[in-house]
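I opened my notebook to look up a few things in this structure. Here are my entries, in the order I made them.

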Amino acid sequence: MNAVDLNFSWLLNKRSLVLRQVVAPAAASFSVVQPSELEDASEFIQPHSLVLTVGIAFREREHELGRYIDHLADAGAVAVGFGTGLIFPTIPPVVVETARLRGIGLFEVPRRIPFISIVTAAHQEQRRRSHAEQQKLFDAQERLTATATAGSLDALLVQASALLEARVSISTAEGAVVGVASADTDGEKQYYSSYKMAARAGRHHVIEVHAAWPLSASSRSLVRHCAGLADMLLARPRELRAARNELNSFALSVRLGLGGETSLLPPQFDSPIDEAGLTRPMVVSADGQRDLDRALAALDDAAEANGHFLYAAPLARGSALVLVRADQPVSEVLAAFGASARRVRVAVGRVVTAEDLDADVIGVLAADAGLLALGEHSLPGSTQLPWLHEPAVERALAARRAEVFGRLGLEDERTLTVYLRHGGQLAQTAEALGIHRHTARNRIARIQELCEVDLSDPATFAEIFFASLSG
C-alpha cells in the first residue's frame with residue numbers, strides 16, 4: 001500500500017514535536033520521514049521525503065552544508081528537519097540561504113526531540129489515515145452495492161457520481177451512452193479515467209469518469225467496484241429477456257400443438273398482434289442449427305431495439321416458426337436478419353388471426369421455405385395458383401407427393417425439392433446445394449430411377465413440382 005501523504009501544516013500543529021519552521025516548503029506535503037547523516041545519500045533518499053539530520057558529517061565543514069542541502073533537494077527531498085544543540089547550536093545561515101534558493105522546506109528540531117519520535121508520529125498518522133481511507137472505501141462500496149441491489153442502473157450512477165464527486169457514464173463499445181450522472185462540483189472536470197467492463201455474449205461496456213482532480217487509489221477501486229455492479233445490472237435485462245423469449249417459444253409451441261405437451265397455457269397467451277388482432281407468421285429454415293440460432297438472435301436484437309420480444313417456436317431441426325406484428329412492414333422484418341439472411345430461407349405468410357394460425361398454415365409455410373435456396377425468401381401470394389388449394393386437388397397432390405417423396409431419404413428429398421424450385425436447372429441446383437454439378441446430375445438420375453419418373457417430361461415435372469408444394 002502506498003504511503004499516505006501528510007501536510008506540513010499537520011507537522012507544525014503536532015505540538016509534542018515543537019518544530020519551528022524556518023523556511024516554508026514549496027511542496028504542500030511529504031510522504032516519508034527518514035533520518036540520514038551520510039555525506040552522500042543519493043541512493044537512499046526517497047522522493048517526496050522529509051530528511052532529518054544534525055549535519056554530523058560537516059562538523060568541521062560548515063561552509064559545505066549548502067552543497068549538502070543541494071544534494072538532498074536533487075535526490076528528491078522536499079524538506080529538511082535540522083537538529084540543533086548537538087553539532088550546531090543553531091541552524092547555519094548557509095543552510096537557511098540554500099533552502100530558500102531551492103524552495104526546500106527547513107524546520108528546526110530542538111535537541112530534546114529525538115528523531116525517532118518524529119518518524120513514529122508520522123508513521124502512526126499515516127496508518128490512521130490509511131485505515132480511515134479503507135473504511136471510507138468499504139462504506140462507499142456498501143452504499144453502491146445497496147443501490148445496485150434495488151436494480152436501477154441510473155440510481156447506481158447517481159450514487160457513484162456523488163461518492164466520486166465526478167461525472168460517471170457507461171457506454172457501449174460503439175460509443176452509445178447507456179447511462180450518465182454528474183455530481184455538482186466546482187472546477188472543470190479535466191481529469192479522465194476509464195475502465196473496460198467484462199464482456200458478455202461478445203459485448204462489453206466502458207465506464208468513464210471525468211473529475212476536477214486526479215482520482216486516488218481508493219477512488220479507482222470504487223470505480224472498479226461500480227463497474228462490476230453495473231455489469232450485473234446490464235446483464236440482468238438480457239438474462240430476463242432470454243427467459244421471456246423461452247417462455248414465448250414454449251407458449252407458442254403449446255398453443256399451436258407443435259410439441260407433444262397438452263395445453264398448459266390459455267389460448268390468450270401474449271403474442272405479437274396489432275390492434276386488429278392480427279399477426280404474421282413466417283418460417284425460417286437453415287442448413288444447421290447454429291445458422292438458425294444466429295438468425296433468431298438477429299431478430300431478437302431488432303425486436304429489443306423496438307421495445308418488443310421475440311416470438312419463435314422450433315419446428316424440425318434447423319427451422320422455426322416466428323410471429324411478428326401484422327402492422328410491421330415485411331421489408332423491415334427481412335432487413336432485421338442482417339448478415340445472417342444469406343444463411344437462411346424465409347417464407348413469409350399472410351396476416352392471420354391467432355385462431356386461424358394452425359398446423360396447416362404452418363405446414364404450407366414450411367413447404368415454401370423448403371423450396372427456397374439459402375439467402376432467398378418468399379412473400380405472401382407469390383404463388384398465383386389458388387386452385388392448388390382446392391380440396392380435391394390438394395388430396396391428389398398429397399397422394400402424388402407421398403408416392404414420390406416417400407421413397408427418398410432426406411438428402412435426395414432435399415435435392416429434388418431444390419431441383420424443382422430451380423426449374424430443373426442443374427447448375428443452379430448444384431450452386432444452391434453447395435455441391436458439384438456432376439454430383440447434382442448423379443443424384444437426380446438416382447432419384448428418377450428410385451421414383452420411376454422422367455423429370456425431362458414437362459407434364460411429369462409440373463405434376464411433381466405442384467405435389468412438392470402440398471407437403
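**Entry: a helix pair.** I began with the handedness of one crossing. Helices α11 and α14 cross in a left-handed way. I kept in mind that this is a predicted model.

I then looked up where the two helices lie. Helix α11 covers residues 410-421, and helix α14 covers residues 458-468. Two packed helices are described by the angle between their axes and by the distance between those axes. For this pair, the angle is about 115° and the axes are 10 Å apart. Angles of 65 to 115 degrees count as roughly perpendicular, so α11 is roughly perpendicular to α14.

**Entry: who meets whom.** Which residues of α11 meet α14? I found Leu-416, Tyr-419, Leu-420 and Arg-421 on the α11 side. On the α14 side I found Phe-461, Ile-464, Phe-465 and Ser-468. I sorted the residues of this contact into 6 nonpolar, 1 polar and 1 charged.

**Entry: cysteines.** How many disulfides does the count give? The count comes to 0. The cut-off for buried is under 20%.

**Entry: an alanine.** Ala-427 sits in helix α12, which covers residues 426-433. Ala-427 has 42% relative accessibility, so it counts as partly exposed. I then checked Ala-427 against Ala-440, 13 residues apart along the chain. Their C-alpha atoms are separated by 8.3 Å.

How values were computed
Residues are numbered from 1 along each chain as its sequence is written. This is a predicted model: local features need pLDDT of at least 70, side-chain atom pairs count only at pLDDT 80 or more; totals for chains, interfaces and linings use all residues. Side-chain values use heavy atoms; hydrogens and water are left out. Axes are lines fitted to C-alpha atoms, for helices over the stretch in contact, and angles run from 0 to 180 degrees between N-to-C directions. Helices (H or I, at least four residues) and strands (E, at least two) are DSSP runs, numbered from the N terminus. Angles under 35 degrees count as roughly parallel, over 145 as roughly antiparallel, 65 to 115 as roughly perpendicular and the rest as oblique. A crossing is left-handed if the near helix is turned anticlockwise from the far one by less than a right angle, and right-handed if clockwise. Contact means heavy atoms within 4.5 Å. Ala, Val, Leu, Ile, Met, Phe, Trp, Tyr, Cys and Pro count as nonpolar, Asp, Glu, Lys and Arg as charged, and the others, Gly among them, as polar. A disulfide is a pair of cysteine sulfur atoms within 2.5 Å. Buried means under 20% relative accessible area, exposed over 50%, partly exposed in between (1.4 Å probe, protein chains only).
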